[in-house]
Amino acid sequence: MGTIRIDVDKREIKELIPELESGKYRIPSFQRQYVWDEDDIKDLIDSIVNNYPIGTIILWKPSNSSLAEKIDPFSKPLIDSNGKKPSEIFYVIDGQQRLTSLLLLFKGWEISRGGEKITCSVPITYNPANQKFYKSKTRGIDLSNLIKAFWLKDKEMLRKLMDETPSEQFDDMMNKIDRILNYKLPIYVMETYEENEETFLSMAEAFIRVNKYGVRIGNLELMLSFLAGAISGELKERIHELYEDLYGIFEIDLQPVLRFAFSNFGLRQTQVSKVNQFKANIKKINTQNADTIFEKSKKSMKLAIDLLRRELGISNSRLLPSQIPLITISKYLYYKDVSNLEELEEDDVKNMINWFILASFNGYYSSATDTKLDEDLEIVKSSNVFPIGQLLENMKRRKAKIKISENDIKRGLTINVLRREGRAHLFLLYVLLVKNNADNWNGQLLKHSSLNELSRHHIFPKEYLEKELNIDDPDDREIMINNLGNITFIHKHINSEIGDAPPIDYLDQYVDYAKKHFIPIDKNLWKLEQYQTFLDYRIKEIYSTGKKVFNEIFE
C-alpha cells in the first residue's frame, strides 16, 4: 500500500466538534443520506456516557485539497460553514451518521448541509432526578442546552441549573456532560499521495480491513472508481443529474444508479464493479444515443419506485434491506417501455412484487452480486412478461430459498431487527403493516405517512424492559428488547408521548389501532410476565398475514 499512509488517532469530542465545523470535512457523493432517528442518537449518547465503543471514524485525505472538486464535484460539506476555503480536505468514508448526530447534539438539533436542513425533531433530554435520558420535548432538560451551558461556560444557565437542581444531582449531571465532552473517538485517516486505480484498490482493501466489524459500503471499489475520474465530462454530469432526480424522490444510493445506467449502455456488472476494468470499459461506451438511454433509465427507475410506493407503501429507500433488486425491476420496465403503471397487466405487477419481496427478504444479491445480477438482467430484458419462473429457477440453482417459512419469521425473535442483520425482517414487517391497513396511531395510514414522521416503536418500551428484565448477557438482553415481536411503526410524537410507560398503562388509548399492528387485544398479554406469549402471538399474526397477502411466496 505504498501510495497510502494510514494514521490512527483518538480525539476528544470537545476538540473534534470545532474541527468538524471548519468546512474541511466532506461527505462523498456515494455516501448514503443521514438516516438516524432519535432512538439511534439516544443510543449513541448512552454508549458515550457509559464509555462503550461506538466504532471507528474513517477519513480519506486526498493528495491535494485543490483536487477535491475534481475528485468529487458532487460531494457536500459535513456541515455548512461560512469560513474561508480550507487548506485541506477530508472525506468521511465511514462515520457520517455518528458525526452528524454529534453535530446535532452540539448545534441545537439542527444543522445545514449543502443548503438543506438536517434536524432531530424529538430532542434528547436528561432528567437529573432519575438520571435518565429521554426522547422528549417535555421530560427533563434539553441535552443540547446542557452541553452548551457546560462547554461554553454559560454562567447564567449554569446558575439557573444550580438553583433548580439539588447539588448531588447537579454534580452527577456535570459528570455525564464531562464524559460526553471528553469521550475519545478513534479516527483512521487514509492519506493518498496520488489518485489512480492502484490507489483506490488499496483504499478499498484498507477500508474493509479497518472496518472489519463495521458497516460495509456497498461495492466500495465501484464508488471509489467513480471518484477516480473514470467517468468524466458530460457523461459524469448526466449520471449525476440522473442520480439527483432519483435521490430527490426516493433517497436512492449512487451504486444502483451507476449499475443500472451503465447496464443500459451494454456493460455487464463485472465490467462496472471492478475498478481496474472500469476506466477502460467506460472509454468503449458509445454515447451517440446517450440522451435516449438516460431518459429511458430515469423513466423506468421512477416507474419501479412508483410501483413500490403504490403496492407496498415504500416511499423511501431507507426501508429496503438492499436496493439492488430495484435494478432488476427497473430493467424489465426499461425494455417493457411503458409510460405508466396502469399499462401493466395485474399478473405482471403481482409477479414483480412477489419476486421483489422474496429477493429483498432473502438477501439474494448479498453474495456474488455481479454474476447473479448479470444473469437476471439478461432474462428480464428479453421477456414480454415479468419472468418470475426463470428468476426463481436462478434462485433454486444457487440454493437460495424461494419461499418464506414460518421459521423464517420466527427467526425475527432471535435477532436485533434494529441492527443491520435485522433489516430484512423490519422491511417485511413494514410491508405487512401497510398491507394490513395499519395506522400510524395519529390518524393516518402508514402508507400515506412520511418516513420522517415515523418511529420504530417498542411496544414494551426499551427503557421499561431494561429496568424489568433480569437477563445478564447484554447481547441476549438486546435481542429480547429489539426483536421482531416487540417492534412496530408509529408516529414519532406518539412514540415520544408513550415514553417508558408499560403497555398495560398506555395501550388502552390505542386499542383501535392495535389489531392492525398484530398486537393482541387480550390485556393479560400486555403484562410483563406474559411478554414471551405476547411475542409469540405477534409472530404468528405476522406470518399468517404474510401467507394471506403473499400466498405464492409464503409456505
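Predicted model: local features only at pLDDT ≥ 70, side-chain atom pairs only at ≥ 80, totals over all residues.
Residues are numbered from 1 along each chain as its sequence is written, and side-chain values use heavy atoms, with hydrogens and water left out. Local features need pLDDT of at least 70 and side-chain atom pairs count only at pLDDT 80 or more, while totals for chains, interfaces and linings use all residues.

View 1. Helices (H or I, at least four residues) and strands (E, at least two) are DSSP runs, numbered from the N terminus. Along its principal axes, the C-alpha trace spans about 75 × 60 × 35 Å. Of the 555 residues, 55% are buried, meaning under 20% relative accessible area with a 1.4 Å probe, protein chains only.

**View 2. Glu 251 in the loop between helix H10 (233-250) and helix H11 (254-263).** Here is a buried glutamate, with a relative accessible area of 19%. Its side chain meets that of Arg 318 in a polar contact of 3.1 Å (a pair of N or O atoms within 3.5 Å, where one must be able to donate a hydrogen and the other to accept it; residues adjacent in sequence count only if both atoms are side-chain atoms). Beyond neighbours within four places in sequence, Glu 251 has contacts including Gln 33, Asn 316 and Ser 317 (heavy atoms within 4.5 Å).

**View 3. An open, antiparallel sheet of three strands in the order E9-E8-E10.** Strands E9 (132-135) and E10 (141-142) stand at the edges, each with a single partner strand, so one side of each has no neighbour in the sheet. Strand E8 (residues 124-127) pairs with E9 over four bridges; pairing takes at least two DSSP bridges. Look for Asn 127 opposite Lys 132 in E9.

Technical notes
Buried < 20%, exposed > 50% of the residue type's maximum accessible area, 1.4 Å probe, protein only.
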